[in-house]
Amino acid sequence: MWTRQIGKLVKRELLNETRQQYAVFGIILFVVSTIFIARFSFKAVKEIPTWNALFWIIMLFAAVTGIARSFAQESRGKLLYLYTVADPRALLAAKMIYNNILLVALGIAGMAIYGFLIGFPVQNVGLYILAVVLGCSALASGFTMISAIASKGGNNFALMAILGFPVLLPVLMAGIRLSKFAADGLTGDGAWQYAGLLIALNVAVSALAYLLFPYLWRD
Amino acid sequence: MGVLLLAYSVYAGLATPLAPGIISAKSSATYTSDSTFSVTVFGYNTRFQSENAGLQAWLMNNDKPVCATRVVVIDETHAILHFPPIAPIKDPLFTLKMHSAGDGLLVMENAIWTADTVTAGLTQVCQPNIPSEDQNYHAYPFRYILYESIRNLFLHVPMWFAMIALLSWALYNNFKYLRGFNIDYDHRAHESVKVALVFGLLGLITGSLWARSTWGAWWVDDTKLNGTAITMLSYLAYLVLRNSIEDEQKRARVSAIYSIFAYVMMLVLIGLLPRLNDSLHPGNGGNPAFSNYDLDNTMRPVFYAAVLGWIIVGIWISGIRYRMRKIKEAHT
């Protein structure tokens with residue numbers, strides 16, 4: 001019963017997206033225009049640390065922009081309806097799954113466009129893709145929860161950024177380190193430590209959100 | 001009682017002298033195997049003159065000691081040691097050791113370097129006469145780079161312990177709030193977080209001063225420093241969040257949830273990440289931790305007293321603030 005609820009809710013989100021298409025296309029536009037700006041300024045970024053950092057900055061801001069509306073766009077009537085109909089945890093799980101899919105897809109697509117326009121000096125491509133997937137997934141889970149918290153506080157973008165950045169900085173640091181490992185072509189203990197850390201952070205954030213969301217939801 | 005503990009730790013922290021040690025040792029010759037050479041030694045808190053007769057000195061190479069032929073004492077902290085020609089066996093580095101009844105054993109690793117190539121023979125091996133452990137007065141360990149600033153251990157580290165203790169107290173109060181929705185717990189948590197932030201700020205300031213005197217810079221790019229700064233930022237964001245919600249119960253609920261989040265992240269940032277990366281801080285990134293290296297028995301009681309003292313004072317301050325707030329609210 002519960003998984004069916006989640007399934008229906010995820011389908012609802014996807015349906016919402018295909019109807020009001022501005023959401024996904026908005027983020028894609030954001031990512032592509034930032035990459036273009038980078039290309040016009042830098043022409044080509046050769047050094048790996050700069051290249052890597054730029055990519056992650058773009059992904060971070062895309063995440064914040066994309067997920068900020070996740071809770072904010074529900075109007076009051078819809079919220080009340082959802083409150084009566086659905087289990088809060090199912091709703092949270094659905095939003096998290098949807099945001100995860102969105103951000104991971106965006107990460108891969110962004111990586112492709114970034115590589116196409118600015119260059120792709122990555123040695124270990126498989127590990128890099130893994131780093132992007134894990135990092136974006138952890139960011140998505142974290143920002144979903146932060147967006148839920150911020151939506152109670154007035155729905156402004158600034159609040160979500162203020163709340164989100166300090167708390168999700170470990171995720172960002174681990175993601176940058178792991179992807180730098182991949183870009184440099186190194187493997188071994190250090191790399192898998194960071195991958196493990198990313199997965200652990202993702203699980204921790206999701207578990208916390210799962211436990212705490214029902215308290216947040218009673219409104 | 002917390003104040004008493006604090007007073008004890010501050011007094012003991014400042015009044016106990018530092019153990020004697022060798023600050024610098026300079027050789028007069030580049031090649032040690034040509035002829036006799038002399039080593040000029042500057043000590044710290046040493047009593048060379050008072051111990052003149054009992055002062056022995058020797059150089060070690062590959063664990064074989066060579067005694068000084070003559071020791072000339074200039075004053076309490078300045079002495080010149082004369083050595084016979086020595087050819088190194090293992091590395092071109094000699095460890096300088098000095099001993100006297102009052103100062104105990106003074107060791108300076110890799111004090112003298114020689115430009116000689118390493119050969120097989122070593123002349124004039126001697127047996128210095130050292131009794132077993134004879135630390136006869138109460139002093140703090142002498143550590144290179146730190147010197148006197150080791151006393152900052154009593155101020156800087158307890159700040160962080162107190163901050164974590166206060167944040168744990170706030171976490172506990174947040175949990176209690178989410179169970180019963182009694183607004184008092186939320187107020188307690190709020191005051192605890194504010195006092196914790198003050199302690200964190202003090203910890204950053206004391207750490208920065210300590211860094212300036214030992215590492216040479218006010219701020220370095222170190223994982224633990226970044227982690228603590230980010231933790232402070234996230235709790236400042238907690239305060240911002242509280243200001244942005246009007247309704248009291250809603251505010252309490254939302255900030256409790258965020259604070260639980262931030263606490264878990266803090267544990268990751270301050271505890272977990274520094275152990276994974278390289279770091280200048282003792283205890284992280286491959287450096288030996290303070291506990292088995294520097295925190296010997298002379299420092300331990302003062303340190304624990306300081307930690308307990310600051311934790312108690314911190315919780316006391318936050319309790320007072322909470323009570324003041326309750327009284328203010330009752331009167332409006």
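**Exercise 1.** In this predicted model, find how many residues the largest nonpolar core has and which of them have the most contacts inside it.

*Solution.* The largest nonpolar core has 118 residues, and those with the most contacts inside it are A:Ile149, A:Leu163, A:Leu198 and B:Leu166. Taking one of these, and leaving aside residues up to four places away in sequence, A:Leu198 touches A:Leu134, A:Gly135, A:Ala138, A:Val171, A:Ala174, A:Gly175 and A:Leu178.

**Exercise 2.** Describe the side of chain A that touches chain B, by its helices and by residue class.

*Solution.* Begin with the contact itself, which takes 18 residues from chain A and 23 residues from chain B. On the chain A side, helix H7 (157-184) and helix H8 (189-217) each supply at least two residues. Sorted by class, that side of chain A has 14 nonpolar, three polar and one charged residues.

**Exercise 3.** Determine how far helix H4 of chain B reaches, and list its buried residues.

*Solution.* Helix H4 of chain B, residues 223-243, reaches 30 Å from its first C-alpha to its last, which is close to the 30 Å expected at 1.5 Å a residue. Its buried residues are B:Thr223, B:Lys224, B:Gly227, B:Thr228, B:Ile230, B:Thr231, B:Ser234, B:Tyr235, B:Ala237, B:Tyr238 and B:Leu241.

**Exercise 4.** Work out how strands S5 and S6 of chain B are joined.

*Solution.* Strand S5 (residues 70-75) and strand S6 (residues 78-83) of chain B run antiparallel and are joined by five bridges. With two residues between them, S5(B) and S6(B) form a hairpin, in which B:Val72 stands opposite B:Ile80 of S6(B).

Terms used. Residues numbered from 1 in each chain as written. Chains lettered and ligands numbered in written order. Predicted model: local features only at pLDDT ≥ 70, side-chain atom pairs only at ≥ 80, totals over all residues. Contact = placed C-beta atoms within 7 Å. Helix = DSSP H or I, 4+ residues; strand = E, 2+ residues; numbered from the N terminus. Nonpolar A, V, L, I, M, F, W, Y, C, P; charged D, E, K, R; others polar. Core = buried A, V, L, I, M, F, W, Y, C linked by C-beta atoms within 7 Å. Buried ≥ 20, exposed ≤ 12 C-beta atoms within 10 Å, placed from the backbone. Expected span 1.5 Å × (residues − 1). Pairing = 2+ DSSP bridges.
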